[in-house]
Amino acid sequence: MTKSKNEFIIEKGLLITALSSIVIIALIIIFIFIEGLPAMESYGPINFIFGLDWSPSDNQFGVFPMIIGSLGITALSLLMAVPLGLFCAMFLAEVAPNSMRKILKPTIQTLAGIPSVVYGFFGLIILVPIMREQFGGTGFSMLTASIILTVMILPIIISVSEDALRSVPHEYKEASLALGATHWQTIKNVIFPAAIPGIITSIILGMGRAIGETLAIIMVAGNVVQIPHSIFDPVRALTSNIAIEMGYATGIHYNALFATGIVLFLMIIILLIFANYLHYKKKVTIGGGYL
Amino acid sequence: MEYRIEVENLNVYFDELRVLKDVNIKIRKNIVTALIGPSGCGKSTFIRILNRMNDLIDTFRMDGGVLLDGEDIYDPKVDVVDLRKRVGMVFQKPNPFPKSVFDNVAYGLRVHGLTDKDALGERVEESLKAAALWDEVKDKLDKSALGLSGGQQQRLCIARTIAVEPEVILMDEPCSALDPISTTKIEDLIHKLKKEYTIIIVTHNMQQATRVSKYTAFFLHGEIIESGTTDQIFVEPRDKRTEDYITGRFG
């Protein structure tokens, strides 16, 4: 009797905690939409999303350059972080001796815990001057921001991919080696393909962090509202837009910042759906994935 | 009688633990040799010596001679990859790759450099036929191998092994995870394959040893207690411990 009562309380308790976290997220989303939609309505959603001018003092609210800025920075950083991260994960999972892995893995995980302002500050003090000397201009650019982001998302990509590679059953590796495949052939043809679903997860997580990152990007990207002509041009990300202007925005400008949040939110949803679709498709075709 | 494999005074250690003690055995060509003995007696470790799979274990050490066709396979000059091509292995648990049936069999051929599509197709078909699996899978070559039954998966693993044309096939309890009907199919297959391959099979199943093998070695606590023809071992064992084991008094 008391036992079943206990079970009941624990089950309901778990249900309530799960529900409350969902409710909190839902409330935040609803709030953002309530605050942001008026700006979209009065300026027109198409004008808002595809408008090229952002000039709150003239009531111009077009976020398209910032969409390009966010996507550009994210894509560029993934382009650098994914190959680097995957090779590093392969090294850790398959090649590194145990003693080395025991040191490297926690070190990499610690890197993931460093606050973004520290990375941003490092970028501002060290990387921006180097970029200025090497490529001219101010040194504040899309590329500078992407390099900092690369460093920030590498730990996630490395540690999640490494877990995925290591959770591929040992039997596959043995079977491949027993057929006379070399270690690299085994990694490339058996271990890596079997770990792809987990590797896609790592890329999704890295992408999520990159697109949501604000502070470090503000510090090094230059924040000019423009569609960049090259990777050496300064850009502004959607996240940066909100953070930079929220201090003094009032009226429709204030609503426009929330509307920026809506655009960011929708963009992340679209990217996540796409990534999850890839993940799912891969899992189905190989029949059983890891992670 | 020609010997394919000769093992002389083999000792194997994992860390300080001596797993195999002064093992001496000669294995004849194109004949099935069964290795029997209780769990933990070193049978699996022994067959993994023959294709150097123990090399994957950090704490592995060994001394003694292991000759394949008269050549020491632990000589530093030996190419392990080449050795494993000559000495194939079928594992206890069926372990097809999470790839299509075709790609599973073609895998070994591809890693050894065969890329011609027609040649690959031919070799895959031959191997599946040799493994008595062709009729069951010929319509689903592009389906995932993980969708096959356990017995089919194990025959696929055998097909995958013979596709690279080894001289020796090691089988580590290949039927222990299978039902009786699948087991019979694998045993029939072993009978068929012994004409062309030297087969060494580890088994816990005494009847299986008598059914498939010509020679048998009995392992106990890392030593070979007795080896000889299967008939002699099972009908008139010379050692008391062998007799106790095969009559089911321990193990």
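Modeller: Over all chains, the structure holds 21 salt bridges, where a salt bridge is a side-chain nitrogen of Lys or Arg within 4 Å of a carboxyl oxygen of Asp or Glu. This is a predicted model, in which local features need pLDDT of at least 70, side-chain atom pairs count only at pLDDT 80 or more, and totals for chains, interfaces and linings use all residues, while side-chain values use heavy atoms, with hydrogens and water left out. Residues are numbered from 1 along each chain as its sequence is written, and chains are lettered from A and ligands numbered from 1 in the order in which they are written. As a general principle, side chains of opposite charge can pair when their charged atoms come close.

Let us begin within chain B. The side chains of B:Lys29 and B:Glu2 form a salt bridge at 3.3 Å, N to O. B:Lys29 belongs to the loop between strand 2 (17-28) and strand 3 (32-36) of chain B, and B:Glu2 to the segment before strand 1 (3-14), so the pair ties together parts that are 27 residues apart in sequence. Here helices (H or I, at least four residues) and strands (E, at least two) are DSSP runs, numbered from the N terminus. B:Glu2 is exposed, with a relative accessible area of 52%, whereas B:Lys29 is partly exposed at 26%.

A second pair is B:Asp135 with B:Lys138, whose closest N and O atoms are 3.7 Å apart. B:Asp135 is exposed at 62% relative accessibility, and B:Lys138 is partly exposed at 39%.

An α-helix has 3.6 residues a turn, so residues three or four places apart point the same way. B:Asp244 counts as buried, at 14% relative accessibility. Elsewhere, salt bridges that share partners join B:Arg4, B:Asp69, B:Arg86 and B:Glu167 into one network.

In the loop between helix 9 (230-235) and helix 10 of chain B one finds B:Pro237. B:Pro237 counts as buried, with 17% relative accessibility. Leaving aside residues up to four places away in sequence, B:Pro237 touches B:Glu226, B:Gln232, B:Thr242, B:Glu243 and B:Ile246, contact meaning heavy atoms within 4.5 Å.

We now turn to the place where the two chains meet. Chain A contributes 20 residues to the contact and chain B 27 residues. The size of an interface is often given as the accessible area lost when the parts come together. Between chain A and chain B the buried area is about 1900 Å², of which carbon and sulfur atoms give 61%; buried area is the accessible area (1.4 Å probe) that two parts lose on being put together, summed over both. A:Glu174, A:Ala178 and A:Leu179 supply 33% of the area that chain A buries against chain B, more than any other three residues.

There are 2 salt bridges between chain A and chain B. The side chains of B:Lys93 and A:Glu171 meet in a salt bridge at 3.9 Å, N to O. Helix 7 (170-178) and helix 8 of chain A each supply at least two residues of the side of chain A that touches chain B. Of that side, the largest share, 7 residues, comes from helix 7 of chain A.

A:Glu171 also has B:Asn95 as a neighbour, for the side chain of B:Asn95 reaches the backbone oxygen of A:Glu171 at 3.1 Å. B:Asn95 is found in the loop between strand 6 (87-90) and helix 3 (101-111) of chain B, and counts as buried, at 3% relative accessibility. Not counting residues up to four places away in sequence, B:Asn95 touches A:Glu171, A:Tyr172, A:Ala175, B:Cys157 and B:Arg160.

Finally, helix 8 (residues 183-212) of chain A has 30 residues, but its end C-alpha atoms are only 38 Å apart, short of the 44 Å that a straight helix would reach at 1.5 Å a residue; the expected span is 1.5 Å times one less than the number of residues. A kink of about 60 degrees lies in helix 8 at A:Ile196, shortly before the proline A:Pro197. The bend at a residue is the angle between axes fitted to the seven residues ending there and the seven starting there.

Methods
Buried means under 20% relative accessible area, exposed over 50%, partly exposed in between (1.4 Å probe, protein chains only). A polar contact is a pair of N or O atoms within 3.5 Å; within protein, one must be able to donate a hydrogen and the other to accept it, and residues adjacent in sequence count only if both atoms are side-chain atoms.
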